[in-house]
Amino acid sequence: MVDVSQHELVPEHTVLDDPDRVDEVLAEYNVSKTNLPKIKSSDPALPEDAEVGDVIEIVRDSRTTEQATVYRLVVE
Amino acid sequence: MSMQTPKEIGGIQFGLMDPETYRDMSATKVITADTYDDDGYPIDMGLMDPRLGVIDPGLECRTCGQHSGSCNGHFGHIELAAPVIHVGFTKLIRRLLRSTCRECGRLALTEEERDEYSEKLIRAEELGNDPNDVLKSAVRQARKQSYCPFPDCDGVMHDIKHEKPTTYYEVQDVLAGDYSERIAEAMQPDPDDEDGEGTSPRDLAEAVGVELERINDIMAGEFRPKSDTRKKLEKVLDVDLTEEDMNKLMPSDIRDWFEDIPDEDIEVLGIDPARSRPEWMILTVLPVPPVTARPSITLDNGQRSEDDLTHKLVDIIRINQRFMENREAGAPQLIIEDLWELLQYHVTTFVDNEISGTPPARHRSGRPLKTLSQRLKGKEGRFRGSLSGKRVNFSARTVISPDPTLSLNEVGVPDRVAKEMTQTLNVTERNVDEARQYVANGPEGHPGANYVRRPDGRRLKVTEKNCEELATKVEEGWEVNRHLVDGDIVIFNRQPSLHRMSIMAHEVVVMPYKTFRLNTTVCPPYNADFDGDEMNMHALQNEEARAEARVLMRVQEQILSPRFGENIIGAIQDHISGTYLLTHDNPHFTETQALDLLRATSVDELPPADGEEDGEPYWTGRTVFSELLPDDLNLEFRSSAGDTVEIVDGQLVSGTIDEDAVGAFGGEIVDTLTKVYSETRARVFINEVAALAMRAIMHFGFSLGIDDESIPPAANEQVDDAIGNAYERIDELIERYEADELESLPGRTIDETLEMKIMQTLGKARDSAGEIAEEHFDEDNPAVIMARSGARGSMLNLTQMAGCVGQQAVRGERINRGYEDRTLSHYQPNDLSAEAHGFVENSYRGGLTPREFFFHAMGGREGLVDTAVRTSKSGYLQRRLINALSELESQYDGTVRDTSDTIVQFEYGEDGTSPVKVSSNDDNPIDVEGIADRVIEAEFDSDVEKERFLGGREPPTNLSEYAGPGLNKAQGMEVESDD
Ligand SMILES: [Mg+2]
Ligand SMILES: [Zn+2]
Ligand SMILES: [Zn+2]
């Protein structure tokens, strides 16, 4: 099986496992978790240990800026 | 006159309405189906009862005491003789019937399941998913139950059958009528089994555990076995003794059932029990809409014509009454049920007359009635037709035509339009004389006035007769609706409005004749041409709208397109040919000629001459062009013609000014002026370039004739040779193919390889024909000038006209369709040659042969079909995109969110910048260096300059071209940079 998450076109997905970091992110954007964009828990780009309810940090190359950081909430 | 204070809507709640609320809000009970009596007075407690509001002017409302116009009308009500189902809720009713127990009314879910679905519902709402999906799965789960899960009830859960639109059946398994025959048949010996003996009644009685006598009675059809006996019989004999029985649920049964459903259970199904009870979906009271919602009209012959809703209400009341009378008279159940169904039909069609499976209620003329649903639904309905889109006043539409003397900010408005559309002038002590003059000019004179409004609110029409007299009465505090005059701001639009620049604000210039006039440089943003295009104009009606239009919507504010971040307004077509002629060969002009070129610009003094020729001073084209540039402009870029354009200190040193310099869609100079200087400077520049280019092209003269596409006979022979060569090579290819000597390309069959090689050879032949033709065109050939400068057309168009049209294609292949094994009956079957498959060796100028013409039409048709399909497809795609993105908004914190505050982008465009506010070039997405250079330059300037820089000067964008100070200021900025 090909591990999609290792493909060069798939950006880095990391679980924010520190609750303080999650709170920080939520505070920065003044949102609740559910107002973040979503990602399905079945998404092959997710790391193994991602669980429903986790917040994922994705750092990807951008056409308009060097790197763009986005956050997503893992849902069923 | 007392006006109601405006109220603010805090929120809207949707739910079911309590029948008691219907009664409470009702102004009267309606019991008579009649409307007016013989004297034309509305009948009391009839459908036109004066308590329901007034429509006739002069009458007083019996409920609120107001007159028609101020009284909004009041609801009445009809007490229905029997409950009926509301068609709008049939799906929800079905869901409730299927998921609750008839015996106890409780939701047939266990405690755990109930909690699970409650939680899922909350989660779905949080995540913005569709709660309906959860509800559906909850119902599906509850429906699986065949018995009520509560031990204290244990009622049977029958399946519910829904017969559209409003009939529900309980499906029960009951003993079949022919049960005795079925038993007897099952007791016969199995015909496939030779040793089979069948079942004797004695065996059966033993197996079932019933007395033999009873079994005999059953087999004789004299006794109907009870359900437990029946089940045992079925088990022993392996036979089905039941049939489905449909027990119709009357609306009253459903209502009783729903009354038993506890509040907690409704909540699981997503209904708020505090506001809505499910039994309210079964109507016992029908609200009667106010007369103002269904006004009757008086026809010319004095007859009254009633609204469709009134007709429907008449039907309902009639049936309602007959129902009651019959019931009181003790009519048979059958008749009662028929009347009940009829009542249901009328109430159903009153709500929605387009239910599938139900014949629509019709008017006497046969036209289907327009009832409640039909008023709301569809394109012409209340939502799409009256709320989202309305017809508006103060708008005009006519054909457009070009006027190069206008500024791109302006629009020429026909005087007859200007006299129809008005602007409100509030009369003050400072404009009272002006206002009186407008009124004195009357409605026919321009600029005149159509109406005045006195301080007491009275509106008076200005007529030719009263205008002189009325003018003397105009005082401070009056309002005068004056005609549009030069300098007024209006909104201008061309459909389809595909982007922001399809609606822009223009300043009015009142003109004679009947068309709207616009500067040709605004054609690209509107995608307009003058082959009969029409455009719409809207006159703005309040100061706020006018200010916003001026600051945000004026054409010059739209020079940069948010689509690609460069200018979309600039020189087009002949403008570009003009600047090309002016600058490419850098021709010399005498003083008179130079002044004539610049006469339509604001330049009224020539710079020092470039030199002398025959004792006369001369000016070069580039010098003349440089007069339009700001004096501190420095630029270097490649032109479309291929040379390097160099601008040093506002002087065009070398290069050709063409599409890449001044054109719409990213002309370098226009783009830089807009971004670095100001929109106003760019507007002035575009206007002047267009004017200069028109003078230039008229100076040189520019025309295109048939001879401009011809090449010498020698060149023609060369072209023929090139094509002949290609034919030979193709013949070789075909020979090798037929001899099976052709090697196939990787991943292709031999046939495909041959096709590809032939296409390639012919493509090369056309190209070389084009090259030969190109060599023989003069540099000053008008078609060449247009192609090189980017004004219009391409070299390909030219080679097709002069050299060879080339291969015609359908679906990217040579033409292969038509007859069996050949394209036309003129060819041998399986002829693979170029000419048999649509190669046109002639040029457009030389003329096509009939067969070539036919092939050309085949290819041409594909082009037409493609464009037709593409426009409709892309239009729909655009609509869907707009609908999907319309509610996204960039927030103050830089994020992009939808209406429920869900983040779509963490930073707008990921870089948080607007494409029109960013300066860029090809190497760097953002021209940081350029910006830094300019900042540093500003640092080194004098202190005064620096202070002004730090103080931040706002570009004077909101100034009219007609306002003297505005023009001065815009020019003032240039004067300052001069020294
Ligand atoms: Mg057109
Ligand atoms: Zn009233
Ligand atoms: Zn029950």
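Me: What spacing do the donors of the magnesium ion (ligand 1) follow along the chain?
Reply: In this predicted model, the protein donors of the magnesium ion (ligand 1) are B:Asp529, B:Asp531 and B:Asp533, each through OD. They lie 2.1 to 2.2 Å from the ion. Along the chain, the spacing of these donors is D-x1-D-x1-D.

Me: Is B:Asp533 buried or exposed?
Reply: A residue counts as buried when its relative accessible area is under 20%. The relative accessibility of B:Asp533 is 11%, so this residue is buried.

Me: What is the relative accessible area of B:Asp529?
Reply: B:Asp529 is another of the magnesium donors. This residue is classed as partly exposed, because its relative accessible area is 36%.

Me: Which residues are the protein donors of the zinc ion (ligand 2)?
Reply: The donors follow the spacing C-x2-C-x6-C-x2-H along the chain. Their distances from the zinc ion (ligand 2) are 2.0 to 2.2 Å. The residues are B:Cys61 (SG), B:Cys64 (SG), B:Cys71 (SG) and B:His74 (NE2).

Me: What arrangement do the 4 donor atoms around the zinc ion (ligand 2) make?
Reply: Four donors count as tetrahedral if all angles lie between 85 and 135 degrees. Around the zinc ion (ligand 2), the angles are 105 to 112°, and therefore the arrangement is tetrahedral.

Me: How many disulfides are there over all chains?
Reply: A disulfide is a covalent bond between the sulfur atoms of two cysteines. Here a pair of cysteine sulfur atoms must lie within 2.5 Å to be counted. Over all chains, the number of disulfides is 0.

Technical notes: Residues numbered from 1 in each chain as written. Chains lettered and ligands numbered in written order. Predicted model: local features only at pLDDT ≥ 70, side-chain atom pairs only at ≥ 80, totals over all residues. Heavy atoms only, no water. Donors = N, O, S within 2.8 Å, 3.2 Å for Na, K, Ca; no water. Tetrahedral: all angles 85-135°; square planar, octahedral: opposite > 155°, others 65-115°. Buried < 20%, exposed > 50% of the residue type's maximum accessible area, 1.4 Å probe, protein only.
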